[in-house]
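Here are my notes on the model you sent over. Have the structure open while you read, and go through the points in order.

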Amino acid sequence: MFQEKASANCLNIVTTSTEDGAFQKKGHSARVLSPEEAEKLAKDQVLVSEFKQLKLEKEAQKNWDLFYKRNSTNFFKDRHWTTREFQELKACREFADQKLTILEAGCGVGNCLFPLLEEDMNIFAYACDFSPRAVDYVKKNALYNTERCKVFQCDLTKDDLLDNIPADSVDVVTLIFVLSAIHPDKMHLVLRNIYKVLKPGKCVLFRDYGLYDHAMLRFKSGSKLGENFYVRQDGTRSYFFTEEFLSQLFKAEGYEQVVNEYVQRETVNRKEDLHVPRVFLQSKFQKPFSET
């Protein structure tokens, strides 16, 4: 069930058919803050010291490894929504039983990888993660099968994907809640790396935190690293994307924009009478068929 609301600037699609019953709309309009929220963000202008920021960058891998040590495989839910939200995972086939080669960049412990492999027997997946511990959890999973996937540790900002994946060989790249954990100054290196293994005419499917997401508004004073960039108590970091920033980031590395829009959801906890505004950016960027 959905309603379409057309305007001069965008098309918003409102739906209540999500798995968790959340209210959702898609479009190009950013979330509007309440006066209280706007005041809170306006006051929070003090940045973490340069010394601590350099330390966080240096220890980024260690902090994510400790995250997985504390949480094991239990923190994130399995993502059974990827083929619903990204129909390209099926639609990009030229014929029904075509074997697809995908790359999950930043696979964590396999919460997206294994549901995809279970749902679609005609997928071979490359998958990599920054954290060696996360990669070990994937390899120890009962569903891990080296005939259907190749998993490896990789720092996408500096380790060449061509060491594990042939050039121009991947049909689809998923970049889901990954780029936000990387320093904004290094995000372009990730996209440049991915570009080398993606087939011409094929796409990167992106989903990550959007500007003014509930998580952004929950950070306490002293957590800000830069514009829309914050550090959690455990040392892991999170960036909150605007539509414009993401578009410029991909286009600067040679990609063509296909879809790039905000997904706004209001999750309701009726027991506690809480309305939680979630904001994501969901996008599709294509590698051109020919270099210009």
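1. A word on terms before the strands come up: two strands pair if DSSP finds at least two bridges between them. Helices (H or I, at least four residues) and strands (E, at least two) are DSSP runs, numbered from the N terminus. With that settled, Val231 has Arg237 in β11 as its bridge partner, and three bridges join strand β10 (residues 229-231) to β11 in an antiparallel run.

2. Some housekeeping. This is a predicted model, where local features need pLDDT of at least 70, side-chain atom pairs count only at pLDDT 80 or more, and totals for chains, interfaces and linings use all residues. Residues are numbered from 1 along each chain as its sequence is written, and side-chain values use heavy atoms, with hydrogens and water left out.

3. The overall picture: the protein chain has 10 helices and 13 strands. Of its 292 residues, 51% are buried (buried means under 20% relative accessible area, exposed over 50%, partly exposed in between; 1.4 Å probe, protein chains only).

4. Have a look at strand β7 (residues 170-176). Seven of its seven residues are buried, so the strand is largely enclosed by the rest of the structure. Strand β4 (residues 100-105) runs parallel to β7 and is joined to it by three bridges, with Leu103 opposite Val173. Strand β8 (residues 198-209) is also parallel to β7, through six bridges; there, Val172 has Cys203 as its bridge partner.

5. Back to β10 and β11: they belong to an open antiparallel sheet of three strands, in the order β9-β10-β11. The edge strands are β9 (224-226) and β11 (237-239), each pairing on one side only.

6. On to charges. The whole structure holds 12 salt bridges (a side-chain nitrogen of Lys or Arg within 4 Å of a carboxyl oxygen of Asp or Glu). One of them pairs Arg70 with Asp234, closest N and O atoms 3.5 Å apart. Arg70 sits in helix α3 (residues 60-71) and Asp234 in the loop between β10 and β11, 164 residues apart.

7. Which helix do two further salt bridges involve? Lys196 in helix α8 is 36 residues from Asp160, in the loop between β6 (149-153) and β7, and their side chains meet at 3.0 Å, N to O. Arg192, also in helix α8, pairs with Glu253 in the loop between α10 (243-252) and β12 (256-269), so parts 61 residues apart in sequence are tied together. Glu253 counts as buried at 16% relative accessibility, while Arg192, at 43%, is partly exposed.
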